[in-house]
Each structure stands twice: as structure tokens, then as C-alpha cells.
Amino acid sequence: MSDKPGVSRRELFQIVGSVPALAAATAGSSPAQTHEARQSAYAPKVFDEHAWRTVRVLCDLIVPADDRSGSATQAGVPEFIDDWLDFRKQQDGNDDLSAGILGGLAWMDGESLRLFNKPFAGASPNQQGQILDRIAWPERASAEDRRWAAFFTKFRDLTLNGFYSSKMGIADLPYLGNTAVPDWKGADPAVWAKLEERMRNGYQGLGGEVKPWS
């Protein structure tokens, strides 16, 4: 995180290089395919009223609105996350994933109350940033914060998968596939440069090792 809430689209791609591909791979596999269209009538199944407010605030800190598109909540990401957690509970026969997310949200509230005497969703952007700075980068997290850094990593992955599988998020991607062009001029040099940089940093695409979160 930085000293201002949220991160830029460029920083999001640097943080999670494979999210666009993951979003494309998971789009259609979740029961939340139409999460943008269902926002107004949505009743959360996993989150209570207080947690729902925290989820919405946290989602928009991860993907704020900018000059390219709206925020995560405007794209229906909280609904996507709630649907996904409920779906996993039914498929897995347990609520371990939901419990991990709810536990992380509760920890954020507890830290905010301890430090600022207010819940996380009611804290100032600077105060929220102080908490997120501790858990946004797992390799920098202290020993006592590592569990919560794992929570935040998972929540951020869910947020980005939700956003980039929404109509708004897909429109935000620098991808022009399935678009007729009169004259093919090869791949965008900027895209190749980004791919080469990721490969130099060890990125192996979706075929690389994926470590489950626990």
C-alpha cells in the first residue's frame, strides 16, 4: 500500500501479474456471473451487515475508481465474493474459506478499534492505510501479522478476480481479443515488454506452481 488509499491500475498489474488470465479462466465457473446486474437486490449470504460494510470499503481500497473505470463495488465485486464464499462452502462441505475471510475482517476491526477507537470501515483513509501497510506485502509482514497478510492476499485475489471477470473490469483490461482488425501489425510492444519483465522475475504463467491458501 502507499500513504494514500488504493493503488493504481498499473500497480495492480505489478502486484498480481496473472490476475487477468485467472479472471478469464474463472469467468463462467462461479455462480456470480451476473454480479453487476444483481447489486440492487442482493442480500448477502455469508456477511452480516457490519462485515458487509467492511467488505465494500476494503474492496474499494483495493480497486478504487479512476479515470478508466469505476470501483470494485460499482462492478459488483462484494456480491461476487459473497457468492463465491457461499458456493465454496457448498462444494467443499465446510466453511473454512469463509471463516478465514471473516476472521481477517474481524482482526482489521480489532486493530482499528485498538489503535483508533473506531471500526475499520469508519477509520480515515490514512488510518486504514496504516493497517493495510502491515499486511499488503507478505514478505514484509512481521511474524505476528503473517496470518493476516495471508488473509489480505486471499481477499485481494478474490477482489481482482471479481473485478476482472465483470463487464466493467473486462473493459478495463488492455486486451483487444475477438476484435476485427483490418491489418494485423503484431502484438503491442508494450504488452511484450510487460511479459518479458514478468518472465525475468520468474513468472511462469498459469502452468506454474500455485500454492493453496490456508
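Tyr 42, Phe 47 and Trp 52 form one aromatic cluster. Rings of Phe, Tyr and Trp (its six-membered ring) are paired here if their centres lie within 6.5 Å, and a pair is termed stacked with planes under 30 degrees apart, edge-to-face over 60 and tilted for the rest. The structure is a predicted model, in which local features need pLDDT of at least 70 and side-chain atom pairs count only at pLDDT 80 or more, whereas totals for chains, interfaces and linings use all residues. Residues are numbered from 1 along each chain as its sequence is written, and side-chain values use heavy atoms, with hydrogens and water left out.

The secondary structure consists of nine helices and zero strands, and the pattern along the sequence is accordingly written α-α-α-α-α-α-α-α-α. Helices (H or I, at least four residues) and strands (E, at least two) are DSSP runs, numbered from the N terminus. The chain has 214 residues, of which 41% count as buried. Buried denotes under 20% relative accessible area, exposed over 50%, and partly exposed the range in between (1.4 Å probe, protein chains only). Among contacts in the chain with a separation of 6 or more, 72% are between residues 24 or more positions apart; a contact is defined by heavy atoms within 4.5 Å.

In soluble globular proteins, nonpolar side chains tend to be buried together. In the present model, the largest nonpolar core has 39 residues, and those with the most contacts inside it are Phe 47, Leu 58, Ile 81, Leu 105 and Phe 155. A nonpolar core is a set of buried Ala, Val, Leu, Ile, Met, Phe, Trp, Tyr and Cys residues joined through side-chain atoms within 4.5 Å. At least two residues of this core are supplied by each of helix H3 (49-62), helix H4 (77-92), helix H5 (96-116), helix H6 (125-135) and helix H7 (146-164). The most is given by H7, with nine residues. Phe 47, a member of the aromatic cluster, is in contact with Trp 52, Val 55, Ile 81, Asp 82, Leu 85, Ile 101, Leu 102 and Leu 105, leaving aside its neighbours within four places in sequence.

A search of the whole structure finds six aromatic pairs. One of these, formed by Trp 84 and Phe 87, is tilted, with 5.4 Å from centre to centre and 35° between the planes. Because Trp 84 and Phe 87 are three residues apart in helix H4, about one helical turn separates them. Trp 84 counts as buried at 19% relative accessibility, whereas Phe 87 is partly exposed at 21%. The pair of Phe 151 and Phe 155 is also tilted, because the ring centres are 6.1 Å apart and the planes stand at 50°. These two residues lie four residues apart in helix H7 and are therefore separated by about one helical turn. Both Phe 151 and Phe 155 are buried. Across the sequence, the C-alpha atoms of Gly 103 and Phe 151 are separated by 8.4 Å, although the two residues are 48 residues apart along the chain. Gly 103 lies in helix H5 and is partly exposed, with a relative accessible area of 25%.

Asn 161 lies in helix H7 and is buried, with a relative accessible area of 14%. A polar atom of the Asn 161 side chain lies 2.8 Å from the backbone oxygen of Asp 157. Arg 140 lies over the face of Trp 137, at 5.0 Å from the ring centre; for this assignment, NZ of Lys or CZ of Arg must be within 6 Å of the ring centre and within 35 degrees of the ring normal. Arg 134, in helix H6, is partly exposed at 26% relative accessibility. Leaving aside neighbours within four places in sequence, Arg 134 is in contact with Trp 107, Glu 111, Arg 114, Leu 115, Ala 141 and Asp 145. The C-alpha atoms of Arg 134 and Asp 145 are separated by 7.1 Å, with the residues eleven apart along the chain.

Most residues other than glycine have a negative phi. Asn 117 has a positive phi of about 60° although it is not a glycine. Asn 117 is found in the loop between H5 and H6 and is exposed, with a relative accessible area of 67%.

Conventions
Polar contact = N/O pair within 3.5 Å; in protein donor to acceptor, adjacent residues only side chain to side chain.
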